[in-house]
Amino acid sequence: MAISRISAVIRAIGFATYKEWAAFRSHMAASLLVGPVLFLVQVFIWQAMYDGRETLNGLTYEQMLSYFGVATLIHYISFDFADWNLQMLVRSGKFVTFALRPLPHWLFALAQKIGHRSLALYVEVLPVMLLFIFAFGVNMRPAAPGWAIVSILLSFLMNFLVNYCVGLTAFWLVRAEGLRRVFLLLKDVSAGVFIPLSFFPELLQKVLFYLPFQFITFLPTQVYIGHYELAGVELTLGQAVGIQAAAVAVMAVLTLALYGAAIRRFTGVGV
């Protein structure tokens, strides 16, 4: 397919997904409770941790709140359920309809995510950002807006690619739900969702530095704040985003290779 035609197809699928979810945006709006509640828990935890202390691991209390505020917004922007959706299609046999189409399913799923998250920008992201700024007094101003936007877009792609690879395990496993849940938990821990990766032991930081998960949350959060350092490696914002882009490219190649192997294995069981 020509690039212009692929672009038109992606826009059409994305817009259709946008309209579909817009009709049920109250369902999406319910998730507005999740991020702020989890953030409030973090506030209580770190208030206790900072009692009588100016800094922890080089971070002030205000910087810690900024970290979790930005991490929450990035989670809303890059949220993805491609793994669950793909496993459901394979398990039910409905994936056969996609196997017969000229457009590969991974591209269809990416277009769906673009449409879904476009709606989330004003239904979830903007309200939560305003809540953090005016209710919690969190500094949500990016240090370098250009680098922050690029890094968040790369985070969007990396989260999709990682989750889609998890979904592809359904082509080899009859029931992949247990593996999916364990993997996603480890992914969030390794991405810095629950605690900044700089709080882990140095040896573990060196391991996490080479895994793809830090590029989903920790690195874009650090770029947004304006300073990146992990495992003793300190990078400029441009260098950090460059490494993130290279990691996304490598992950894309691995995803395409795994997708090709999965398609060759698919037999349409359940049809």
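Mentor: Let's start with H7 and H8, whose crossing is right-handed (the near helix is turned clockwise from the far one by less than a right angle). Bear in mind that this is a predicted model, where local features need pLDDT of at least 70, side-chain atom pairs count only at pLDDT 80 or more, and totals for chains, interfaces and linings use all residues. Residues are numbered from 1 along each chain as its sequence is written, and side-chain values use heavy atoms, leaving out hydrogens and water. Helices here are DSSP runs of H or I with at least four residues, numbered from the N terminus. H7 spans residues 105–135 and H8 residues 145–168; their axes come within 11 Å and cross at roughly 135° (axes are lines fitted to C-alpha atoms over the stretch in contact, with angles from 0 to 180 degrees between N-to-C directions). On the H7 side, the contact (heavy atoms within 4.5 Å) includes His105, Trp106 and Arg117, and on the H8 side Phe156, Phe160 and Tyr164. The contact residues split into 8 nonpolar, 2 polar and 2 charged.

H7 has another partner: H4, residues 61–78, packs with H7 at about 155°, their axes 7 Å apart. H4 and H7 are therefore roughly antiparallel, and their crossing is right-handed. Among the residues that meet are Leu73 and Tyr76 in H4, and Lys113, Arg117 and Phe132 in H7.

Conventions
Helix = DSSP H or I, 4+ residues; strand = E, 2+ residues; numbered from the N terminus. Nonpolar A, V, L, I, M, F, W, Y, C, P; charged D, E, K, R; others polar. Parallel < 35°, antiparallel > 145°, perpendicular 65-115°, else oblique.
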